Amino acid sequence: MKRILVTLMSMLLLFGGVEASAQSLLQKAAEAAKKEAAKKAAELKEAAKNAANQAVEGAKNTATQTAESAVGTANQAVEGAKSAVNGAVNQAAGAAADAAGAPIPTSSLRFSSAKPSGVVYYVSAEGSNRADGKSATTPLKDIQK
């Protein structure tokens with residue numbers, strides 16, 4: 001009977017040691033899994049950050065290209081408008097010259113967005129040849145004074 005008790009006690013001690021070893025192994029495995037999960041999460045976070053940065057850069061490039069294209073189209077429209085204004089001014093000057101019987105060199109009439117230099121004279125059908133013609137409020141009636 002003593003021998004059976006000693007054997008049973010040895011078995012209990014052995015089971016207790018196995019159980020403690022198993023718990024220790026489980027703890028170590030859980031800690032390793034936790035570290036690996038944290039590492040993978042950091043890698044995924046970095047990958048997401050890189051993907052977002054690439055998307056932002058792509059959007060910037062597309063917006064820049066679109067804006068440059070719009071500016072080019074606007075410049076073409078401005079040039080077209082200048083040509084149309086020049087044509088209308090030349091036609092009006094030609095019609096005025098024909099009506100007045102005086103030749104006006106229409107090739108010298110051009111639309112420009114540049115600031116004029118020298119003396120600028122204002123001319124209007126409602127103007128007066130006695131005015132100085134140097135402002136929009138005191139225009140000349142005729143180009144030749």
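K40 has a relative accessibility of 44%, so K40 counts as partly exposed; buried means under 20% relative accessible area, exposed over 50%, and partly exposed in between, with a 1.4 Å probe and protein chains only. The side chain of K40 meets that of E43 in a salt bridge, at 3.9 Å from N to O. The term salt bridge here requires a side-chain nitrogen of Lys or Arg within 4 Å of a carboxyl oxygen of Asp or Glu. E43 is partly exposed too, its relative accessible area being 40%. Both residues sit in helix α1, which covers residues 2-100, and they are 3 residues apart, so about one helical turn separates them.

A word on provenance before the other pairs. This is a predicted model, in which local features need pLDDT of at least 70 and side-chain atom pairs count only at pLDDT 80 or more, while totals for chains, interfaces and linings use all residues. Residues are numbered from 1 along each chain as its sequence is written, and side-chain values use heavy atoms, with hydrogens and water left out.

How many salt bridges does the structure hold? There are 3.

Another of them joins E57 and K60, where the closest N and O atoms are 3.5 Å apart. E57 and K60 are both in helix α1, with a spacing of 3 residues, about one turn of the helix. On accessibility, E57 comes out at 42%, partly exposed, and K60 at 47%, also partly exposed.

Then there is K82 with E79, a salt bridge whose closest N and O atoms lie 3.7 Å apart. Again the two residues belong to helix α1 and are 3 residues apart, about one turn. K82 has a relative accessible area of 23%, which is partly exposed; E79 has 46% and is partly exposed as well.

Now to the part of the chain beyond the helix. L140 lies in the segment after α1. Is L140 buried or exposed? Its relative accessibility is 3%, so L140 counts as buried. The C-alpha atom of L140 is 4.7 Å from that of G127, and the two residues are 13 apart along the chain.

Last, the totals. The secondary structure comes to 1 helix and 0 strands, taking helices as DSSP runs of H or I of at least four residues and strands as E runs of at least two, numbered from the N terminus. Of the 145 residues in the protein, 7% are buried. Among contacts with a separation of 6 or more, 11% come from residues 24 or more positions apart, a contact being heavy atoms within 4.5 Å. The protein exposes about 12,100 Å², and carbon and sulfur atoms supply 62% of that; the areas come from the Shrake-Rupley method with a 1.4 Å probe, and for residues only the protein chains shown count as cover.
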